[in-house]
Amino acid sequence: QVQLVESGGGLVQAGGSLRLSCAASGRISSINAMGWYRQAPGKQRDLVALITSGGSTNYADSMKGRFTISRDNAKNTVYLQMNSMKPEDTGVYYCYADATVRLVRGGYWGQGTQVTISS
């Protein structure tokens, strides 16, 4: 129905930057919101940032001022620019889309991309 393909993860030193991308494809009628969640080892999956089709954004407190989410509606793609990264930012980052397919609204997840910050 909806496929989310992530890219841009990797290993970076503390203080460095990474940019994640996620492209949505499939029989999509509309995408209401897209965003990123992070799952650290042994922990639950938590919100990193979310952006609506209208451009409204929501960030986890620990990411405010360091991370920026943006979106290209024409390409159904969401980006996450991560700056001043810290070791505690390490985890698997999952792309999320709140999308409507054939009049049915649902949530969709990508396969995840590993982000590791070394101290």
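Select Asp89 and Arg38 first: their side chains meet in a salt bridge, with 3.5 Å from N to O. A salt bridge here is a side-chain nitrogen of Lys or Arg within 4 Å of a carboxyl oxygen of Asp or Glu. The model is predicted, so local features need pLDDT of at least 70 and side-chain atom pairs count only at pLDDT 80 or more, whereas totals for chains, interfaces and linings use all residues. Residues are numbered from 1 along each chain as its sequence is written, and side-chain values use heavy atoms, with hydrogens and water left out.

Remain with the Asp89 and Arg38 pair. Strands (E, at least two residues) are DSSP runs, numbered from the N terminus. Both Asp89 and Arg38 are buried, that is, under 20% relative accessible area (1.4 Å probe, protein chains only).

Asp89 forms a salt bridge with Arg66, and the closest N and O atoms are 2.8 Å apart. Arg66 is in the loop between strand E6 (57-59) and strand E7 (67-72), 23 residues apart from Asp89. Both Asp89 and Arg66 are buried. Displayed together, Arg38, Arg66 and Asp89 are linked in a network of salt bridges.

Finally, select Arg105 and Asp98, whose side chains meet in a salt bridge at 2.7 Å, N to O. Asp98 is buried, with a relative accessible area of 12%. Arg105 is exposed (over 50%), with a relative accessible area of 57%. A search of the whole structure finds four salt bridges.

Terms used. Helices (H or I, at least four residues) and strands (E, at least two) are DSSP runs, numbered from the N terminus.
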